[in-house]
Amino acid sequence: MNRHRSIAAILSVLFMGLGQLYNRQFVKGLLLMAVNATALVYLVPNIGKAIWGVVTLGEKMQGLKKVGRINVPVPGDHSIFLLISGLITILVFAIFITIYIMNIRDAYLNGSMRDKGMTAPDFKRTWAYVTDKNFPLLMLAIPALGVLFLTIMPIIFMIMLAFTNYASPNHIPPKALVDWVGFETFANLLTLKTWSHTFVGVFTWTIVWAVIATVTTYFGGMLVALLIESKGVRFKKLWRTLFIIPYAIPQLISLLVMRNLFNGQFGPVNQYLGYFGLGKLPWLTDPFWAKVTVILVNMWVGIPVSMVLILGILTAIPKDLYEAADVDGASGFQKFKIITVPFVLFSTAPILIMQFAGNINNFNVIFLLTNGDPVKGDYQFAGSTDLLVTWLYKLTLNNSQFNMASAIGIIIFLIVASFSIWNYRRSRSFKEEDMIQ
């Protein structure tokens, strides 16, 4: 009774496409057989080497061989190339296994149709079905492959590097091989005094910076938006335009200009302070004042973003709520507390969480304004204003500490992901999605 589906499934297990040929789906069967053949041609000679490369990271170092009086380089294994090529091959193998399982399921389902006396759909009907009901999945398949190889694979690669000793000067290919060291990198980051002191200091400043930067830009934007929307304010469009200009100017230009404005020697800010009889301030060279400077500049570039967002929400609040509050004799502060703030927070809570996560990784403001400086003598490759993300950048590009940078990248991801998910799920906008219709 179940003869067709059993035979079709078994044939598809033996070789992709055979089950479809048995079900008289000739075009689909030939296409799947071509995929199977191509995969075998690529995977059979490469999958073993890929697994060997990922597991061992190479066994033969580059060396020199004396030929006469000349030292000729002898090629060896490049651990990082082996890791990358191995990951690519393993991902291709995973895609092949997915298609292989889908092929068996397809043959089984179409065989079941034949057991019921129906005819398996031909290629024309199958293509019509795919391009109609499954068209979104078809269109998503290509970007999904891009995400797999251009986003997920680099993340996996970074995670794997954190468990190796890939760092300068002793473990940089091709001169030397890279080895798996387990959690040694994380242990060094948290226990070795030179690394742990820097990590605790940079991590603390990162959290402090993220909190202050988020609070100041958010409530600063709310204040400006409320002032512009006040009843007694004229030329509202002009004020909106003026305050949106810092946002319209590219951030790169704004930050580089600010860096010159706050220059301790010849910057205009210190010159103006001198005109009023005040002393010059070390805006970018003193650890405390450098932190104050990055917070002030971040307010300049960040407040317009919050202002624009909150202006849109203020215009959407029903006016009859304020009119009812006026009838009840509510003061301006009471209306702000009971009506304005709940509506604004409800609509912007997810964005507020996103801004906090973004400030943890706010590379531009720190790097372009201070470059993480001033240098702190007891820090390992980091300055007083460095965030975890800028410290990671310096470890990677300036000091070749790839394994330590990868470990820090994992920690940043865990902090941002856990904080964002936890807070978003606790927000009213998540719990009460139907509050505002």
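**Overall shape and contacts**

Of the contacts in the protein between residues at least 6 apart in sequence, 65% join residues at least 24 apart; a contact means heavy atoms within 4.5 Å. This is a predicted model, in which local features need pLDDT of at least 70 and side-chain atom pairs count only at pLDDT 80 or more, while totals for chains, interfaces and linings use all residues. Residues are numbered from 1 along each chain as its sequence is written, and side-chain values use heavy atoms, with hydrogens and water left out.

The protein has 18 helices and 2 strands; these are DSSP runs numbered from the N terminus, with helices (H or I) of at least four residues and strands (E) of at least two. Its radius of gyration is 31 Å, well over the 22 Å that the globule rule gives for 437 residues, so the protein is more spread out than a compact globule. That radius is taken over C-alpha atoms, and the rule is 2.2 Å times the number of residues to the power 0.38. Along the principal axes, the C-alpha atoms fill a box of roughly 90 × 80 × 35 Å.

Of the 437 residues, 37% are buried, where buried means under 20% relative accessible area, exposed over 50% and partly exposed in between (1.4 Å probe, protein chains only). The protein exposes about 25,300 Å², and carbon and sulfur atoms supply 70% of that area. Accessible areas come from the Shrake-Rupley method with a 1.4 Å probe.

**Annotated spans**

An unreviewed UniProt entry places the feature "transmembrane region" at several spans, including residues 79-102 and 288-317. Such annotations may be inferred rather than shown by experiment. Residues 79-102 are 100% helix and 0% strand, with end C-alpha atoms 35 Å apart. For residues 288-317 the figures are 97% helix and 0% strand, and the end C-alpha atoms lie 41 Å apart.

The unreviewed entry in UniProt also gives "domain: ABC transmembrane type-1" for residues 203-423. That stretch is 75% helix and 0% strand, and its end C-alpha atoms are 20 Å apart.

**A bent helix and a buried histidine**

Helix α14 (residues 332-360) spans only 35 Å between its end C-alpha atoms, whereas a straight helix of 29 residues would span 42 Å at 1.5 Å a residue. The expected span is 1.5 Å times one less than the number of residues. At threonine 348, α14 bends by about 60°, and proline 350 follows within four residues. The bend is the angle between axes fitted to the seven residues ending at a residue and the seven starting there.

Histidine 4 sits in helix α1 (residues 3-14). Histidine 4 is buried, with a relative accessible area of 14%. Not counting residues up to four places away in sequence, histidine 4 touches Tyr22, Gly111, Arg114 and Asp115.
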